[in-house]
Amino acid sequence: MAVFGVLAAALGAVGLVVPDALLTVMGFEPVPDGGRADGDHTLVFLTASSMAALNMGVYYVLAALADWKPFFRWTVPFRLLTCAVFTLAVVSGRAPAGFLGVGLWEGLGAVVTGVALRYEKRGAEK
């Protein structure tokens with residue numbers, strides 16, 4: 001949880017400071033300065049999602065420091081949902097193939113979290 005939190009916060013910070021770098025990492029082609037059409041709000045949405053990622057990363061780190069198991073459990077189904085939505089966005093052509101990595105990261109994180117929680121629960125029952 002802490003590793004995911006640190007990575008989410010770091011990527012959120014990158015998106016706030018150097019948005020084109022984050023776009024490139026996700027497989028999007030950055031638009032040069034002055035090349036955006038009037039009404040193109042890409043940077044607004046990138047700023048909002050980067051701020052959300054920064055906040056979410058901090059929440060994950062704080063939950064990990066507090067060893068807050070209910071929070072960990074809540075993340076599993078929602079991260080699986082995120083995986084499904086992001087994967088469908090790529091499959092349907094709504095997002096570039098590079099964006100699939102974001103969905104797979106969420107799915108893998110959900111599975112690892114779920115397995116770890118189950119392993120800890122079984123260890124505590126013995």
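Just after helix H3, aspartate 67 takes a positive phi of about 50 degrees. At 45% relative accessibility, aspartate 67 counts as partly exposed. For this label, buried means under 20% relative accessible area, exposed means over 50%, and partly exposed lies in between (1.4 Å probe, protein chains only).

A word on what you are looking at: this is a predicted model, in which local features need pLDDT of at least 70 and side-chain atom pairs count only at pLDDT 80 or more, while totals for chains, interfaces and linings use all residues. Residues are numbered from 1 along each chain as its sequence is written, and side-chain values use heavy atoms, with hydrogens and water left out.

## The chain as a whole

Now let us step back. The chain has five helices and zero strands, so its elements, read from the N terminus on and defined as DSSP runs, go α-α-α-α-α. Its C-alpha atoms fill a box of roughly 65 × 30 × 20 Å, taken along the principal axes.

Of the 126 residues in the chain, 25% are buried. The chain exposes about 8,300 Å², and carbon and sulfur atoms supply 71% of that area; accessible areas come from the Shrake-Rupley method with a 1.4 Å probe, and for residues only the protein chains shown count as cover. Contacts (heavy atoms within 4.5 Å) also tell us something about the fold. Among those between residues at least 6 apart in sequence, 66% join residues at least 24 apart.

Helix H3 covers residues 42–66, and serine 50 lies in it. H3 has 25 residues and reaches 36 Å from its first C-alpha to its last, close to the 36 Å expected at 1.5 Å a residue; the expected span is 1.5 Å times one less than the number of residues. Which residues of H3 are buried? They are Leu46, Ser50, Ala53, Gly57, Tyr60 and Ala63. An α-helix has 3.6 residues a turn, so residues three or four places apart point the same way. The cover over the buried residues of H3 includes H1, H2 and helix H4 (69–91).

The side chain of serine 50 reaches the backbone oxygen of leucine 46 at 2.8 Å. Leaving aside neighbours within four places in sequence, serine 50 is in contact with Gly12, Gly15, Leu16 and Leu22.

Val14, Leu16, Val17, Val18 and Met51 make a nonpolar surface patch of about 390 Å². Patches are made of residues with over 30% relative accessible area and no salt bridge; like charges are joined within 9 Å, and nonpolar side chains (Val, Leu, Ile, Met, Phe, Trp, Tyr) within 5 Å.

Helix H1 (residues 2–17) gives the largest share of the patch, three residues. Valine 18 lies in the loop between H1 and helix H2 (19–25), and it is partly exposed, with a relative accessible area of 41%.

## Salt bridges

Side chains of opposite charge can pair when their charged atoms come close. How many salt bridges does a search of the whole structure find? It finds three, each being a side-chain nitrogen of Lys or Arg within 4 Å of a carboxyl oxygen of Asp or Glu. Asp67, Lys69 and Glu120 are linked in a network. Lysine 69 is partly exposed at 23% relative accessibility. Glutamate 120, partly exposed at 42%, also bridges to lysine 69, with the closest N and O atoms 3.2 Å apart. This pair links distant parts of the chain, since glutamate 120 is in helix H5 (residues 100–125) and lysine 69 in helix H4, 51 residues apart.

Elsewhere, the side chains of glutamate 106 and arginine 79 meet in a salt bridge (2.8 Å, N to O). Glutamate 106 lies in helix H5 and arginine 79 in helix H4, so this pair ties together parts that are 27 residues apart in sequence. Glutamate 106 is buried, with a relative accessible area of 10%, and arginine 79 is buried too, at 4%.

How values were computed. Helix = DSSP H or I, 4+ residues; strand = E, 2+ residues; numbered from the N terminus. Polar contact = N/O pair within 3.5 Å; in protein donor to acceptor, adjacent residues only side chain to side chain.
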